[in-house]
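Student: I have not seen this structure before. Please show it, and then I will ask about it piece by piece.

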Amino acid sequence: MQPIETDVIVIGAGPAGLCLARALDASGLRVVVLEREPETTLRAPTFDGREIALTQRSVRLLRELDVWRRLPADECHPLCRASVFDTGAATPLEVGGGHEPLGWLVPNHAIRAAAFEAMAESGNVELHAGVRVAAVEADSTSARVRLDDGRTFAAKLIVAADGRFSETRRALGIPTRMHDFGRAMLVCRVTHETPHEDTAWEWFDHGQTLARLPLGRATPPGHRSSVVVTLPGVRMRELQAMDDAAFAQEIARRFHGRLGVVSDPGERHVYPLVGAWATRFAGTRLALLGDAAVGMHPVTAHGFNLGLLGVERLADELRRAAVAGGDPGGAALLARYARGHRLATAPLHLATRGVVALFTDDRAPIRAVRAAVLRASAGFPPFRQLLAGFLADRPGRASPRKFAHYGTTGDG
Ligand SMILES: Cc1cc2nc3c(=O)[nH]c(=O)nc-3n(C[C@H](O)[C@H](O)[C@H](O)COP(=O)(O)OP(=O)(O)OC[C@H]3O[C@@H](n4cnc5c(N)ncnc54)[C@H](O)[C@@H]3O)c2cc1C
């Protein structure tokens with residue numbers, strides 16, 4: 001069977017793959033998207049419990065991609081302030097409260113649906129959904145994908161956007177550091193007595209990490225939020241097994257009464273916490289995108305924000321190559337993408353690992369250190385500004401030299 005010729009093959013129609021396909025609209029490049037889920041699921045994804053905190057930069061990019069206007073207005077919630085608590089520290093660390101919200105909370109399924117709609121309107125994108133990739137290979141002249149139904153595709157570039165456990169990445173030989181945090185995260189919408197005032201909570205408590213993400217606007221006062229509970233697996237199974245009434249009471253108890261009475265819990269979703277950091281973000285005629293490149297612990301809420309940074313950078317490179325009549329899978333282009341994206345993601349990836357290590361270790365000396373860190377930070381405005389920047393995806397510039405040891409050089 002003759003291969004179907006195209007320019008770029010994107011494997012994975014998650015939010016990152018869909019946004020890249022949309023970003024290449026009008027670039028002149030032909031794009032094929034391959035996805036194992038059926039098209040009906042992509043068109044109308046079901047609620048998966050994830051409320052994605054988008055930075056203002058991500059919102060701007062989603063506007064440019066014509067995705068933002070497709071999101072239902074009542075599903076986009078402003079995130080005006082954030083408070084970080086540690087049970088051992090008397091005062092929480094508070095950020096935000098400026099003119100502009102720190103970011104926006106939007107459910108993942110709504111982002112997926114809007115990105116799918118935007119991609120489907122792109123003239124040069126061909127979607128093959130419900131397919132199984134049987135083999136991928138690449139050499140200096142072309143990249144090829146064979147499906148298990150026998151069809152083959154040939155392109156200049158393969159983009160692996162197939163998530164943190166990416167089979168494409170493994171098939172093309174890119175080693176990846178996986179980190180199992182040994183915990184699971186439960187997310188669930190609840191109604192609570194105390195108004196949320198558009199403020200997110202991150203709470204490092206003994207034996208558990210909690211978060212409260214405000215939903216609905218706070219005027220009149222909002223009483224619906226997504227609660228997030230991170231626990232070791234055994235404890236999580238107990239929480240999952242409870243009926244709704246017992247679960248609501250348990251959430252009120254775990255939040256030490258600060259939510260007031262808790263009621264009307266929605267669907268519960270549980271995610272095992274496994275991080276991924278690919279040792280290279282590109283290979284021969286291959287670019288890694290989204291969680292396939294860097295799969296973050298959700299505690300700092302940056303996985304998809306970093307995915308969008310990758311979309312922006314890779315699409316820029318590919319559009320420039322198309323205008324110049326260059327090779328979209330050329331080694332120099334891929335090396336620039338890989339290096340730039342590593343420099344952009346390494347600080348947040350490292351900082352997130354640091355936060356998890358410091359704030360989820362319940363040994364007494366570590367507890368004392370983090371209480372001291374929060375106390376010092378609360379009284380130190382520059383640190384609060386830094387944290388606000390961190391939440392808004394401006395953690396400071398990475399210098400190539402500083403992060404060289406972290407594998408930012410030599411990719412491609
Ligand atoms: C509880 C939770 C909360 C989160 N909160 C935030 C947040 O607040 N802010 C934030 O920025 N991020 C957050 N994230 C992270 C965010 O959800 C991910 O970073 C994002 O979904 C990754 O998108 P992706 O497209 O790279 O991968 P995925 O969403 O994993 O999509 C991959 C796609 O590839 C397809 N696929 C996989 N294998 C194959 C194959 N072999 N062939 C074809 N198709 C394949 C899959 O079906 C899927 O459609 C959170 C994550 C979790 C779990």
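Student: How far is an oxygen atom of the ligand from a polar backbone atom of Phe304?

Tutor: This is a predicted model, in which local features need pLDDT of at least 70, side-chain atom pairs count only at pLDDT 80 or more, and totals for chains, interfaces and linings use all residues. Residues are numbered from 1 along each chain as its sequence is written, and side-chain values use heavy atoms, with hydrogens and water left out. A polar contact is a pair of N or O atoms within 3.5 Å; within protein, one must be able to donate a hydrogen and the other to accept it, and residues adjacent in sequence count only if both atoms are side-chain atoms. For Phe304 the distance to the ligand oxygen is 2.8 Å.

Student: How much of the ligand does the protein bury?

Tutor: Accessible areas come from the Shrake-Rupley method with a 1.4 Å probe; for residues, only the protein chains shown count as cover. Taken alone, the ligand exposes 1000 Å². The part of this that the protein buries is 90%.

Student: Which elements give two or more residues to the shell around the ligand?

Tutor: Helices (H or I, at least four residues) and strands (E, at least two) are DSSP runs, numbered from the N terminus. Two or more shell residues come from each of α1 (15-23), β3 (31-35), β4 (51-55) and α8 (303-324).

Student: Of the residues around the ligand, which come nearest?

Tutor: A residue is near a molecule or strand if one of its heavy atoms lies within 4 Å of it. There are 29 residues around the ligand. An N or O atom in the side chain of Arg50 is 2.6 Å from a ligand oxygen. The nearest residues are Glu35, Arg50, Ala53, Asp291 and Phe304.

Student: Which residue has a backbone oxygen that the side chain of Arg164 reaches?

Tutor: Arg164 sits in the loop between β13 (157-160) and α5 (167-171). Its contacts (heavy atoms within 4.5 Å) beyond four places in sequence include Asp291 and Gly295. At 3.3 Å, the side chain reaches the backbone oxygen of Met296.
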